[in-house]
Each structure stands twice: as structure tokens, then as C-alpha cells.
Amino acid sequence: MRRPAAVLLSLMLVLAACGPSAAPPPPSQANAVTPFVIVTLPPEVMPTNTPAPAFDVGPYRGMWQIDFRFQFDGGEVIQQTRFVGGVPVEVLDDATFSGQGSLITSVRHEGCTAAVADDGEIRVTLTGEIRPGETGLEMVFDLRPDDPERVEHYRLQCPDFSEPLEFERQTLWPALEALDIQPFVLPLTPGASFQSTDDVSAATGGTLQGTLTAEIRLRR
């Protein structure tokens, strides 16, 4: 009677041994594989040196003075309007130069009292460079207003006026742009000068009247 019980016990042990094994424990956080990203950095940009001019700038380095005189004659309202001033500029090792200055406005009308209704000062900036020319080195430059939107204000009182005539307009810069005389060119010699006289009536399509005489002189 005891033999069947022993056989049953042996059979239960065999079935237990053949059962599914327990699942392995999950990997610990310490053993987890961390993903990585490859980052490609752009190549470092190396500064480029400005090429040296093909001539010796040494004798010309330092401060210079460029003087301007722009005169309108035969204006539609005021007979004569002038813009006079100067700009100190510094020539650098790379043969460039720049500076800031101002032009002062004045007016004249025969038999009447003409005046500038504001301070009459126009701030300007000059930039340019030295280049070889046909007969030697030249200064090539542009003159620009610091405030391109600025307008000029004028007052004119004549004996037959019941009250002064006041008006505003832009004069110099529209004329220079219409005449297309910039950039200016001067020989790189102290005392060098440039002069031109042009009809602004035709150049501006009648917006401005008269002629413009431009005089530029270089000093050191």
C-alpha cells in the first residue's frame, strides 16, 4: 500500500522540475546602456587680413582736411544759397580714410532779407580710399548727410511782401545725386582742388532751378 504513494511523490517531483523556469530579473539601472549623440562642430572661421596696398602709405598717414563750398545761383525763390564747411579725415595704414564734419548754410537775395530759419548746420560723414591714378595717387571719396531726411528751412522778406515768405526743402543732396558727381576725386597733394559748375534745372527735371558750383580743396 505504500508503493503507490512513493510513485506519486516521485512523479510530482519530476513535473515540478520540468515546469517553466522563473524569468530573469530586469537589468538594473546601473547596467543600462546610455545612448550617445555625435555632434559635428562647424570649422573655426579664421580672420582674414586686409591686403596691404601696393604703395607706401607711410608718407600720407595721419590727419588731412577737405574743405567744401557748394553754391547755388539762380534759385527759384532765393537767388543764392551756399553750403560751406570742412571735414578732417585720418588716413590709415590700409589707405582708407574717414571723418565727420559739418556744412553751414547761408543765403543771399539782392534787395531782400534772406535768412536760414534753423541753425543751418548740416552734419556730414566722409569716407574714401587712396588709389593709384593716371598721374599719381588720388583720394576718392563720398560725402553723405548724417540725417538724409533733414530739410532746410528758409525765410525771405522783400519790400513788396505783406509778410515774410517761409518755406522748406532739400537742396544740396538731391542736386548732387541728380548730377551724379560723386565720388569726388582729388590728387593726393596738399593744396589740390576740384571745381565744377552744372545746370541743376535739367538734371533734376525742374525740381531745382539754377546752377550748382562745387569747389573742393585738400589741406594738410
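The largest nonpolar core of this predicted model comprises 44 residues. Ile66, Phe68, Phe70, Phe141 and Leu143 have the most contacts inside this core. Here a nonpolar core is a set of buried Ala, Val, Leu, Ile, Met, Phe, Trp, Tyr and Cys residues joined through side-chain atoms within 4.5 Å. Buried means under 20% relative accessible area, exposed over 50%, and partly exposed in between (1.4 Å probe, protein chains only). The model is predicted: local features need pLDDT of at least 70, side-chain atom pairs count only at pLDDT 80 or more, and totals for chains, interfaces and linings use all residues. Residues are numbered from 1 along each chain as its sequence is written, and side-chain values use heavy atoms, with hydrogens and water left out.

Phe70 is buried, with a relative accessible area of 0%. Neighbours within four places in sequence were set aside for its contacts (heavy atoms within 4.5 Å). Phe70 then touches Thr81, Arg82, Phe83, Leu103, Leu143, Leu172, Leu176, Phe184, Leu212, Thr213 and Ala214.

Aromatic pairs were assigned next. Rings of Phe, Tyr and Trp (its six-membered ring) pair if their centres lie within 6.5 Å; planes under 30 degrees apart count as stacked, over 60 as edge-to-face and the rest as tilted. Phe70 belongs to strand S1 (residues 62-73) and Phe184 to strand S9 (residues 184-187), so the pair ties together parts 114 residues apart in sequence. Strands are DSSP runs (E, at least two residues), numbered from the N terminus. Phe184 is also buried, at a relative accessible area of 2%.

Phe97 and Phe141 form an edge-to-face pair, with 6.3 Å centre to centre and 65° between the planes. This pair links distant parts of the chain: Phe97 lies in strand S3 (residues 96-108) and Phe141 in strand S6 (residues 137-145), 44 residues apart. Both Phe97 and Phe141 are buried. Ring pairs join Phe68, Phe70, Phe97, Phe141, Phe184 and Phe194 into a cluster.

An open sheet of three strands has the order S4-S7-S8, with antiparallel pairing. Two strands pair if DSSP finds at least two bridges between them. Strands S4 (113-116) and S8 (165-169) stand at the edges with a single partner strand each, so one side of each is left without a neighbour in the sheet. Four bridges join S4 to the antiparallel strand S7 (residues 152-157). Within S7, Tyr154 is the bridge partner of Val116.
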